[in-house]
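Visitor: Hi! Could you walk me through this model?
Guide: Happy to, here it comes.

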Amino acid sequence: MKTAQELNSLALETRRMLGEDGYSPIDIFAVVNGWKEKKITIVKYPLSERISGMCTKVDEDIVICINSTTSYGRQRFTLAHELYHILYEKVEGRIICDMKIADNKSDSEKEADMFAGYLLMPYDALFQYSKKVDKWTLNKIIDLEQFFLISHMAIMFRLEKDGYMAPDSLADYKNVTISREAAKLGYGKELYFPDQIEKQYFTTGEYVRKVEKIYDKGLISEGKKEELLLDGFRADIVYNFDEEEGNLND
Ligand SMILES: [Zn+2]
């Protein structure tokens, strides 16, 4: 199995490829959707509760599926996890990934989890951040997870792995409702909740670009374009539902 140091340096390498520095929070969905050198399509779909995500790679075409019934924080982690399989492993057929973040998984799954943690929050980013923290209280942990937009479970796992908290310290926070504690500190609750039902089916990235491109080239009819977009759960593009955009002249 790869060491934590190796996985951290792969995460930093990935950040460089994405044009990101080694310290800042990263808008992982936006940067992957905009990553034109790789043909990545992201599909949000309500998968079984045991599965966090899956990925496939056929030639250069990559599809990453994210379980949209998981919290936004977890979805960000899953996307980072799937990137590890795609970028640093040989993907044959389909890889299906387990929901649990635990020690009894395969090396590949453990590596992908650690990589995901380091991609969202590199080792040194946490080290620098930790200099401002005397003691890791619940409030300080929430500040950290809100800054890097990482799920509470993943942040606890990481604090323990990197030696900032004693093993089993998770037990201290078992009976708290984390979204409520975050709200009391003035944060929104988005990190802790899944997408609204109507957004649980959604496709972004290469697929949408490709459909638009082959239509622009005259290779498919407008009807076919609409059909393909609807297959990708993009009725919003077909029917022009731009509810929150407002008037561009405003
Ligand atoms: Zn995996």
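Visitor: How far is the sulfur of cysteine 55 from the closest cysteine sulfur?
Guide: That distance is 5.7 Å, to the sulfur of cysteine 97, so the two are too far apart for a bond. A disulfide here is a pair of cysteine sulfur atoms within 2.5 Å. Keep in mind that this is a predicted model, where local features need pLDDT of at least 70, side-chain atom pairs count only at pLDDT 80 or more, and totals for chains, interfaces and linings use all residues. Residues are numbered from 1 along each chain as its sequence is written, and side-chain values use heavy atoms, with hydrogens and water left out.

Visitor: What about cysteine 65, and how many disulfides are there in the structure?
Guide: The sulfur of cysteine 65 has its closest cysteine sulfur in cysteine 55, 10 Å away, again too far for a bond. The structure holds zero disulfides.

Visitor: Is cysteine 55 buried or exposed?
Guide: Cysteine 55 is buried, with a relative accessible area of 1%. Buried means under 20% relative accessible area, exposed over 50% and partly exposed in between, with a 1.4 Å probe and protein chains only. Cysteine 65 counts as buried too, at 9%.

Visitor: Where do histidine 81 and glutamate 109 sit?
Guide: Histidine 81 is in helix α3 (residues 72-88) and glutamate 109 in helix α4 (residues 107-120), 28 residues apart, so the pair links distant parts of the chain. Helices here are DSSP runs (H or I, at least four residues), numbered from the N terminus. Both histidine 81 and glutamate 109 are buried.

Visitor: Why is α3 described as largely enclosed?
Guide: Because 16 of its 17 residues are buried, α3 is largely enclosed by the rest of the structure.

Terms used. Helices (H or I, at least four residues) and strands (E, at least two) are DSSP runs, numbered from the N terminus.
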